[in-house]
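Biologist: I am new to this structure and would like a close look at a single part of it, the open sheet. Could you take me through how its strands are arranged and what lies against them?

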Amino acid sequence: MTLRIGVLGAARIAQSALIVPAGQTGHRVVAVGARDLDRARAFATRHGVQRAYGSYEEVLADPDVDVVYNALVNSQHAPWNLRAVRAGKHVLSEKPFAANGAQARVVADAARASDRVVMEAFHYAMHPMMRRIREIVLSGEIGDVRHVEATVMIPAPADDDPRWSLELAGGALMDLGCYGLHAFSQVAGWLGGVPVVRSARAGERRGRPGVDEWVQAEVGLPGGATASLLTHMAGPEMLMRLVVTGSRGRIEAPCFVLPQLDERLQVVTGCDERREWVKGPTSYARQLTVLDSAVRGRAAPPLGLDDAVSTMDLLDATYRAAGMEPRPGVL
């Protein structure tokens, strides 16, 4: 089966997250919609997409579209995820799934009431890198998990970037820190529980009240383990590191969010140190393969609706712990 995919929004992320991996996995991007028809046409011409529309509604109404890829700004993820489900489309939603936990619940309830697959695009979790980290943790090689550390930062986007907009549900935690919090949820699940935010602090972007430029958070994990997050959207460099420390050693993934950029995994136990190279398809290509299996009914999505809702709840809790409000938005 070839997935026929329609894109909501002519966003830059679509090239690496969808266009290239669709070509690698035999799926087709058949339509793109944007509020500006000329922009949609330019996107379609650049990427060989068959049809360009001047609205998102037209993509949802296209009978040749099986799956909608929602690449809109954060504030528009939940509204258009909901509309896509109601239009009978499967959905691959860019992260974060919604602006806040309340929105996520509405979308999840609608998806559960349908026969559509709705999956959040935490592509990193579908790469063999995370599977290998899980194998090492559960093997007991590094002992009992004691601490997990995630650092996710990038240099600052332009001042007019929507990621700096409160109304568009922007902020460092929403754009970057969500990966770290989601990774904490993954590890907590391996340990048989869920993460709990213990404390957090944040710094606002100058001239952008309520929008976090950076966030630090401390999180509790099962068995007395802890986790620390640092996310910064105006950092000195791109850094996406995950370190899992146990009672007998540690595992370090230098670029867990985009493992195809650095496939190294370093494992240290006592005086022994080794480096593994975890190869495989890109995280984005793997994501489409997983989505295809779910749409065919071969396997449930590894990141289901409960995962999407709990991640949004974790984001909301982190904002509140830092003395900030969750991102606004109602459906």
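Modeller: Two strands are taken to pair if DSSP finds at least two bridges between them, and with that in mind we can turn to the sheet, remembering throughout that this is a predicted model. In it, 8 strands form an open sheet in the order β8-β9-β10-β7-β11-β12-β13-β14, and their pairing is mixed. Because β8 and β14 (272-277) stand at the edges and have a single partner strand each, one side of each is left without a neighbour in the sheet. From one strand to the next, the twist averages 15°.

Helix α7 lies across β7, β9, β10 (226-232) and β11, and runs at about 160° to β10. The largest nonpolar core has 117 residues, and among those with the most contacts inside it are Val148, Phe184 and Leu221; the largest share of this core, 12 residues, comes from helix α7 (residues 172-190). If its neighbours within four places in sequence are left aside, Leu221 is in contact with Val148, Phe184, Val187, Ala188, Pro195, Thr226 and Ala227.

Helix α9, for its part, lies across β8 and β9 and runs at about 65° to β8. Helix α9 (residues 305-321) also packs with helix α5 (residues 101-112), at an angle of about 175° and with their axes 9 Å apart; α5 and α9 are therefore roughly antiparallel to each other, since angles over 145 degrees count as such. In this packing, Gly101, Ala104, Arg105, Ala108, Ala111 and Arg112 of α5 meet Leu305, Asp306, Val309, Met312, Asp313 and Asp316 of α9, and sorted by class the contact has 6 nonpolar, 1 polar and 5 charged residues.

Technical notes. Residues numbered from 1 in each chain as written. Predicted model: local features only at pLDDT ≥ 70, side-chain atom pairs only at ≥ 80, totals over all residues. Heavy atoms only, no water. Axes fitted to C-alpha atoms, helices over the stretch in contact; angles between N-to-C directions. Helix = DSSP H or I, 4+ residues; strand = E, 2+ residues; numbered from the N terminus. Parallel < 35°, antiparallel > 145°, perpendicular 65-115°, else oblique. Contact = heavy atoms within 4.5 Å. Nonpolar A, V, L, I, M, F, W, Y, C, P; charged D, E, K, R; others polar. Core = buried A, V, L, I, M, F, W, Y, C linked by side-chain atoms within 4.5 Å. Buried < 20%, exposed > 50% of the residue type's maximum accessible area, 1.4 Å probe, protein only.
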